Amino acid sequence: MLERLLGSFPEVIQLLRDDHNIVRSLFAKYAKANNGEKPHLAQQIIRQLTVHATIEERMVYPAFRAVFKDPHMIYESVEEHHLMHILLEELNRFRPGPGSAHFDAKFKVLRDLVKHHVDEEEARLFPKAEAHNLDWTLLYQKAQKFKKQAAAKKQRRPTRRKLPHSRAA
């Protein structure tokens with residue numbers, strides 16, 4: 001709690017807050033982007049959210065759940081993640097893709113859900129967790145390791161060109 005008063009947070013909380021800021025910035029860029037820029041920005045956002053959510057779901061939330069007397073906030077966050085994953089899956093498969101009115105509408109719903117989720121985490125969940133004695137260093141190390149593995153996996157993945165559906169011709 002002292003860290004909060006001094007303006008610093010446990011490293012894993014700062015890492016998550018930094019992720020939040022990156023995604024906020026990407027959503028703002030997407031809103032101003034032309035249709036040619038939107039596919040790349042959409043993929044960046046989807047990737048960022050996927051990695052971030054995995055860190056929270058596999059590492060952070062279980063640690064919080066273990067120390068919270070009432071896990072309601074964790075369950076709510078997990079349900080928000082569930083909805084986010086549904087939207088991410090749909091957006092990842094969506095054709096015609098970024099720039100179309102239907103895609104942009106679904107993307108706006110994702111943005112609104114993420115904004116609500118992030119606001120809740122930063123205002124309520126993180127401060128509640130910071131009041132507990134957790135192994136913040138271990139959580140940070142696990143989160144960093146996962147981020148590095150995800151980045152390495154992204155670099156190793158060959159770029160695949162998506163071919164038009166066979167019936168499109």
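## Basis of the description

On a 1 Å grid over the protein atoms alone, a cavity is a set of points where a 1.4 Å probe fits but cannot get out, and lining residues have an atom within 4 Å of a point. The model is predicted: local features need pLDDT of at least 70, side-chain atom pairs count only at pLDDT 80 or more, and totals for chains, interfaces and linings use all residues. Residues are numbered from 1 along each chain as its sequence is written, and side-chain values use heavy atoms, with hydrogens and water left out.

## Cavities

There are two cavities of 30 Å³ or more, where a volume is the space filled by probe spheres set on grid points joined across faces, edges and corners. The largest cavity holds about 90 Å³. Its lining consists of D19, H20, V23, L49, H52, A53, E56, H81, M84, V114, H117 and V118. By class, six are nonpolar, four polar and two charged (Ala, Val, Leu, Ile, Met, Phe, Trp, Tyr, Cys and Pro count as nonpolar, Asp, Glu, Lys and Arg as charged, and the others, Gly among them, as polar).

## Aromatic pairs

Six aromatic pairs are found in the whole structure. Rings of Phe, Tyr and Trp (its six-membered ring) pair if their centres lie within 6.5 Å; planes under 30 degrees apart count as stacked, over 60 as edge-to-face and the rest as tilted. Y30 and F107 form a tilted pair, 4.3 Å centre to centre with 35° between the planes. Y30 belongs to helix α2 (residues 11-32) and F107 to helix α5 (residues 101-130), so the pair ties together parts 77 residues apart in sequence. Y30, at 5% relative accessibility, counts as buried (under 20% relative accessible area, 1.4 Å probe, protein chains only), and F107 is buried at 2%.

The rings of F64 and F68 are stacked, because their centres are 5.8 Å apart and their planes at 20°; F64 and F68 are both buried. Ring pairs also link F27, Y30, F94, F103 and F107 into a cluster.

## Charges over rings

A charge sits over a ring if NZ of Lys or CZ of Arg is within 6 Å of the ring centre and within 35 degrees of the ring normal. The charged end of R17 sits over the ring of F9, 4.1 Å from its centre. K128 lies over the face of F68, at 4.5 Å from the ring centre.

Conventions:
Helix = DSSP H or I, 4+ residues; strand = E, 2+ residues; numbered from the N terminus. Buried < 20%, exposed > 50% of the residue type's maximum accessible area, 1.4 Å probe, protein only. 1 Å grid on protein atoms, 1.4 Å probe; cavity = no way out; pocket = protein on both sides within 12 Å on 5 of 7 lines; lining within 4 Å.
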